[in-house]
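I am opening a new notebook page for this structure. The entries below follow the order in which I looked things up.

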Amino acid sequence: MKKRVVSLSSLLLASAPALSYEAIDNDIAYLHFYGTIKASAQFLEEQDNEYTFGDSKVGLLGRYAVTDVFSIAAGTEAQINLDADEDKNEDDLYVSQYFLGLYTEAFGWLTFGKHSTSSDDLNGVDYSEIFGGQSNLNSVGVKGDTLKYVYANELFTLNATYGFEAGDQNRTLSELFGQYNLADLTLIAGIGTTSTNTATNQTDSTYFQTSAKMEMGDTNFGLTYYLQNLDNDLQPSLSVDKHAFALAGQIAFTEGVTAYAGHELIFQDSKTKDLDGTRQNSYVGLSLIPIEYTKLFAELNFNSPISTKDELNLAVGGVLSW
């Protein structure tokens, strides 16, 4: 799934990021507000050009100490749909995450609600702004009616999500992911399963991911392997096995100028011709931070799908974060 610029889960794992506002921060209470507005123009060779404010969001995270050990924790995140079409009755603001639970410094966070999934929190290597992330084969990025546990310290992170059957697809989900930090090296691994169960959609998906990242300040690079086995119980010919590899990196030339690039390969095996073959996706880009809280970017993409024409795409845009 495509990554978020500032994910709600990242706020659970560590202290507030630099681009955020801490309204309250003391031993008893903590209240933290953050947001991202992202605008982009995408010039696509085989599709209509797209001008969008996608990936724009605001969020709130708080906790309140009820004893010396336990705190009540709560949070919410809303997608800002600045592209909303009034004729289609689309909402300008859509609540994409909300949760309530307990936090202890010794044992971490345990919350219930609508969360980003563990596989989305600890996803594969992707330094792009627009076109990357196709090799991240996790099936679900956000799910309602989930119980989530997160524990993190300087050495490792444990992230688990259990999703009860819910939603239009009667989807269930179970995931366990972890991250280990060793100096400049970060190792990520995890496994997940998800199922849908309706009269017209009955699928079972199992996926596994492992990544290694070297983060050395001005120079970062990483490698990901992702496996997904999707079984379609109603239409077995649409079942597909996928193996994906991603290699990506970024280099900061100055404090505000960063170049990045990545290449993704997805090998698919299926009885359906349009689902059987190899897909390639590459991107190269440059980002500029002219002033605090803002970023401008330009990104070039080569996409080689399985059953349609190769395409060369371009995106330019800007991000405002706080």
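**Confidence.** I began with pLDDT, the predictor's confidence in each residue, from 0 to 100. The mean pLDDT of the protein is 89, and 90% of its residues reach 70 or more. Residues 1-19 fall below 50, yet this stretch has 65 contacts in the model beyond near neighbours in sequence. I take contact to mean heavy atoms within 4.5 Å. Where pLDDT is low, the predicted coordinates should not be read in detail.

**Ground rules.** This is a predicted model, so I kept local features to pLDDT of at least 70 and side-chain atom pairs to 80 or more, while totals for chains, interfaces and linings use all residues. Residues are numbered from 1 along each chain as its sequence is written, and side-chain values use heavy atoms, with hydrogens and water left out.

**Aromatic pairs.** How many aromatic pairs does the structure hold? I find nine. Rings of Phe, Tyr and Trp (its six-membered ring) pair if their centres lie within 6.5 Å; planes under 30 degrees apart are stacked, over 60 edge-to-face, and the rest tilted. Y151 and F156 have ring centres 5.7 Å apart and planes at 45 degrees, so I log the pair as tilted. For burial I use relative accessible area: buried is under 20%, exposed is over 50%, and partly exposed is in between (1.4 Å probe, protein chains only). Y151 is buried at 18%. F156 is partly exposed at 32%.

Next I looked up Y162 and F164. Their ring centres are 4.9 Å apart and their planes stand at 85 degrees, so this pair is edge-to-face. Y162 is partly exposed at 40%, and F164 is partly exposed at 38%. Ring pairs also bring in F112, giving a cluster of F112, Y162 and F164.

**Charge over rings.** Which rings does R63 lie over? A charge counts if NZ of Lys or CZ of Arg is within 6 Å of the ring centre and within 35 degrees of the ring normal. R63 lies over the face of Y30, 4.7 Å from the ring centre. R63 also lies over the face of Y103, at 5.0 Å.

**Nonpolar cores.** A core here is a set of buried Ala, Val, Leu, Ile, Met, Phe, Trp, Tyr and Cys residues joined through side-chain atoms within 4.5 Å. The largest has eleven residues, including L44, F131, Y260 and V319. Outside four places in sequence, L44 is in contact with N49, F131 and N313. A second, separate core has ten residues, among them V140, L173, F177 and Y207. In soluble globular proteins, nonpolar side chains tend to be buried together.

**S56.** I find S56 in the loop between β3 (50-52) and β4 (57-65). Strands are DSSP runs (E, at least two residues), numbered from the N terminus. S56 is buried, at 1% relative accessibility. Its side chain reaches the backbone nitrogen of K38 at 2.9 Å. The side chain of S56 also reaches the backbone oxygen of F53, at 2.7 Å. Not counting residues up to four places away, S56 touches T36, I37, K38, A78, Q79 and I80.

**A244.** My last entry is A244, in strand β14 (residues 240-252). Is A244 buried or exposed? A244 is buried, at 0% relative accessible area. Beyond four places in sequence, A244 touches S135, L137, T224, Y225, Y226, L265 and I266. Q268 is 24 residues from A244 along the chain, and their C-alpha atoms are separated by 8.6 Å.

How values were computed
Helix = DSSP H or I, 4+ residues; strand = E, 2+ residues; numbered from the N terminus. Polar contact = N/O pair within 3.5 Å; in protein donor to acceptor, adjacent residues only side chain to side chain.
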